Amino acid sequence: MTQERALEILKTGGNVFLTGEPGAGKTYVINQYIAWLEAAGISVAVTASTGIAATHIGGMTIHSWSGIGVRDMLSPYDLDKIASNEKTSKRVRKAKVLIIDEISMLAAGTLDMVDKVCRAVRQKPEAFGGLQVIFVGDFFQLPPITRAGEELHYAFESAAWHAARPLICYLTEQYRQEDEMLLGLLSSIRRNEVEEEHFTLLSEQTEIGYPDIEPTRLYTHNADVDEVNRQKLAGLSGQTRKYQMTGQGNKQLQQGLAKNCLSPELLELKEEAMVMCTKNNFEQGYVNGTLARVVAFDGVDGYPIIETTEKRRIKIQPTTWEMVEDKKVLASVEQLPLRLAWAITVHKSQGMSLDAAEIDLSRAFVFGQGYVALSRVRSLEGLKMLGMSPTALRVDPRIVAVDARFHGESEAADDAFGDMESEEVAKLHQNFVAACGGRMPQAGEVGERSSSFERVQKESTFEITKGLLEEKKTVRQMAQERKMTEATVWGHLERLVEDGKIGVSHLTHLLPGNFEQTEARVLAAIAEHGDEKLKPLFEENNEEIDYETIRLARMLYWLQQKK
């Protein structure tokens, strides 16, 4: 399902599970929907299953929003106490839409408690008291935390989920990874079809392919992360600069923001320190996960100047993390959007895109850790494996089974909405807005909850590559001009072919001199093994034909099939 279709469905007011692989654009769709709701005057509660996830989306945890706190069960007394709490009951009654991000990490019992609170406070028998509820996330990622001996139950196994009966919107576009072999590996993990060849592929990732990037190390345990960062910073000469976090608003909420903010309360830096940006600032040229090195400190205000992997120098100034409810800031903290980045935990990396990473999965201990870690990088060139346990790539068979069902339900929803007239869909949107007491936003009234720069960049990047291709540039020239890896450019070309944006004439200048003979061998290999993966085609030809030539032959094969 496309992002546009998912947004169309969200605007009807039905309950929805918005899912998709990492990089599919779930956060983008949710931000667009929130902007539309705010323009329509509809109150929306933005929450997440964890504090870290909540800071990413400018909301609060679902535990705080609902008033359940740290409870793992809800007695009649507890329910009555929460329902009679003025602040909690006011926010629950006022909301028309409830968004819960990172739903994979929310236990079934917790979701049932939220449902009971909503029904009690709103005094309505419908699921979640009649709120439109939007679950966002990917169950292949990190699961709920359970106590020793406690059975794991996912949110989709709860009574509340079944009562809500969410429509499934499974996003299928990909905006993070452009490396086909990495995408193939991640898809195999999701199907629980990891084979020896996948472990072999990862064991071959012994060097980062980008000479100018110092990678971030991903560990499964905090102790490893803290020790690596401490040792690396101590090993640098020069003066230590210290930056203390400040806060405003409700003190307890400030503490929650500080605890879950990826920037530390006390940030210590030196020149040459490896850092990672912890927030998006598209205008300044960095995003959450951008890797850089501190190259200097400003002589006027002392703020650090970082140099990104693209050799861009940026002065980093303080930014704020806020907890917002109904456009009112309840609390905020201010700090430099940086953290030391020689190492980070897999848990804290969820939601990031990393340029390069060294990953240690030798002590992976829960479902999803290996998948989350590997899906942080954009290509195998940016990956180095430090360790791997035999179970590091395992996923819960229950997730594999339910994912197949989600795919089917999403396709059915997509088909159903595709068959509807645009006027009929618009009427559904109007009815929902009217039922919520709002008004339909007019053209130009819907703002951006976050900058659209990233989205525009993602859409236009393929067109830029197409333009260079039309200038008869080679793949190496395009990579150098765009400051990309050659693997990324090849991925662009394949996407352009699949989307029908380029034809045979665009590729002829890339063909090597003896291409006709090698093309015949590649086509024979495709007849034997199919065209999904490159490695079997490479091996079928005794590793005598390079991957670039194989990719060209396969693209021409795709074009021929389109005729």
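Strand S7 (residues 216-219) and strand S19 (residues 357-361) run parallel and pair over three bridges. Threonine 216 has alanine 357 of S19 as its bridge partner. Both strands belong to an open sheet of four strands, ordered S18-S7-S19-S20, in which the pairing is parallel. Strand S18 (343-345) and strand S20 (383-388) are the edge strands, each pairing on one side only. From one strand to the next, the twist averages 20°. Helix H11 (residues 222-234) lies across S7 and S18, and the helix runs at about 165° to S18.

**Confidence**

The model is predicted. Across the protein the average pLDDT is 84, and 90% of the residues score at least 70. Where pLDDT is low, predicted coordinates should not be read in detail.

**Arginine 190**

Arginine 190 is found in helix H9 (residues 180-190). Its relative accessibility is 5%; the cut-off for buried is under 20%, so arginine 190 counts as buried. The side chain of arginine 190 makes a polar contact of 2.9 Å with the side chain of aspartate 138. Leaving aside residues up to four places away in sequence, arginine 190 touches Gly20, Glu21, Pro22, Asp138, Phe140, Tyr170, Tyr371, Val400 and Asp403.

**Other salt bridges**

The whole structure holds 23 salt bridges.

| Pair | Distance (N to O) |
|---|---|
| Lysine 242 and glutamate 268 | 3.7 Å |
| Aspartate 298 and lysine 315 | 3.7 Å |
| Glutamate 494 and arginine 551 | 2.9 Å |

The side chains of lysine 242 and glutamate 268 meet in a salt bridge, and this pair links distant parts of the chain, with lysine 242 in strand S8 (residues 241-244) and glutamate 268 in strand S10 (residues 266-269), 26 residues apart. Lysine 242 counts as exposed because its relative accessibility is 57%, whereas glutamate 268 is partly exposed, with a relative accessible area of 27%.

In the salt bridge between aspartate 298 and lysine 315, the two residues are 17 residues apart and again link distant parts of the chain. Aspartate 298 sits in the loop between strand S12 (291-297) and strand S13 (304-308), and lysine 315 is in strand S14 (residues 313-315). With a relative accessible area of 19%, aspartate 298 is buried. Lysine 315, at 31% relative accessibility, counts as partly exposed.

The salt bridge of glutamate 494 with arginine 551 joins two helices: glutamate 494 lies in helix H19 (residues 486-498) and arginine 551 in helix H23 (residues 547-562), so the pair ties together parts that are 57 residues apart in sequence. Both glutamate 494 and arginine 551 are buried.

How values were computed. Residues are numbered from 1 along each chain as its sequence is written. This is a predicted model: local features need pLDDT of at least 70, side-chain atom pairs count only at pLDDT 80 or more; totals for chains, interfaces and linings use all residues. Side-chain values use heavy atoms; hydrogens and water are left out. Two strands pair if DSSP finds at least two bridges between them. Axes are lines fitted to C-alpha atoms, for helices over the stretch in contact, and angles run from 0 to 180 degrees between N-to-C directions. Contact means heavy atoms within 4.5 Å. pLDDT is the predictor's confidence in each residue, from 0 to 100. Buried means under 20% relative accessible area, exposed over 50%, partly exposed in between (1.4 Å probe, protein chains only). A polar contact is a pair of N or O atoms within 3.5 Å; within protein, one must be able to donate a hydrogen and the other to accept it, and residues adjacent in sequence count only if both atoms are side-chain atoms. A salt bridge is a side-chain nitrogen of Lys or Arg within 4 Å of a carboxyl oxygen of Asp or Glu.
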